[in-house]
Amino acid sequence: MENLKDLKCVPCSGGEPPLSDIEIKLLIPQAPDWDIIPLDGVPRLRRVFKFKNFLQALEFTNRVGQLAEAEDHHPALLTEWGRVTVDWWTHKIKGLHRNDFIMAAKTDAIYD
């Protein structure tokens, strides 16, 4: 299987369906530290990243923001002292898309 962190996101027109449960089960091994969290009936990939202080958390947030702009796929980010919560999902389809798993893998690479 291809390494998701090496792939680019493809533009989502909103016409395609969200990933099926089977597709998610095939992709989740490449994002093992992420949880699938339903919020307002929409599944999201969520991971909480830990840091030693606020400055490190803020620097990580900015790097994820730069990645999001470069890929034109944007997460929800909550930056707090010592931690950043990142949620990926695809707004247009109100669910998970392959792009979300690609971005989760790229976010992990930034953290590592």
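Because the model is predicted, local features need pLDDT of at least 70 and side-chain atom pairs count only at pLDDT 80 or more, while totals for chains, interfaces and linings use all residues. Residues are numbered from 1 along each chain as its sequence is written, and side-chain values use heavy atoms, with hydrogens and water left out.

## The sheet

Let's start with the strands. Strands (E, at least two residues) and helices (H or I, at least four residues) are DSSP runs, numbered from the N terminus. Two strands pair if DSSP finds at least two bridges between them.

In which order do the four strands of the open sheet stand? The order is β1-β2-β4-β3, and the pairing is antiparallel. β1 (35-39) and β3 (76-80) are at the edges with a single partner strand each, so one side of each has no neighbour in the sheet. From one strand to the next, the twist averages 30°. For angles like this, axes are lines fitted to C-alpha atoms (for helices, over the stretch in contact), and the values run from 0 to 180 degrees between N-to-C directions.

| Strand pair | Bridges | Example of partners |
|---|---|---|
| β1 and β2 | five bridges | Ile37 and Arg44 |
| β2 and β4 | six bridges | Phe49 and Val84 |

Two hairpins can be picked out here. β1 and β2 form a hairpin with two residues between them, and Asp40 in its turn has a positive phi of about 55°. β3 and β4 also form a hairpin with two residues between them, where Gly82 in the turn has a positive phi of about 80°.

Now look inside strand β4, where Thr85 lies. Is Thr85 buried or exposed? Thr85 counts as buried because its relative accessibility is 10%; buried means under 20% relative accessible area, exposed over 50%, and partly exposed in between (1.4 Å probe, protein chains only). Leaving out residues up to four places away in sequence, Thr85 touches Arg46, Arg47, Val48, Ala76, Leu77, Leu78 and Glu80. Contact here means heavy atoms within 4.5 Å.

## Helices on the sheet

What packs on these strands?

With 4% relative accessibility, Phe60 counts as buried. Among the residues that Phe60 touches are Phe49, Val84 and Val86, as well as Thr107, Ile110 and Tyr111. The C-alpha atoms of Phe60 and Arg47 are separated by 13 Å, and the two residues are 13 apart along the chain.

## Two loop residues

Asp72 is found in the loop between α2 and β3. Although Asp72 is not a glycine, it has a positive phi of about 55°, and it is exposed, with a relative accessible area of 62%. Lys94 lies in the loop between β4 and α3. Lys94 is not a glycine either, yet it has a positive phi of about 50°, and at 62% relative accessibility it counts as exposed.

## The largest pocket

On a 1 Å grid over the protein atoms alone, a pocket is an open set of points where a 1.4 Å probe fits, with protein on both sides within 12 Å along at least five of seven lines; lining residues have an atom within 4 Å of a point. The largest pocket holds about 240 Å³ of space; grid points are joined across faces, edges and corners, and the volume is the space filled by probe spheres set on the points.

Which residues line the largest pocket? They include Cys9, Val10, Pro11 and Cys12, along with Asp72, His73 and Asn99. By class, the lining has four nonpolar, five polar and three charged residues. Here Ala, Val, Leu, Ile, Met, Phe, Trp, Tyr, Cys and Pro count as nonpolar, Asp, Glu, Lys and Arg as charged, and the others, Gly among them, as polar.

Asn99 lies in helix α3 and is buried, with a relative accessible area of 2%. Apart from neighbours within four places in sequence, Asn99 is in contact with Cys9, Val10, Cys12 and His73.
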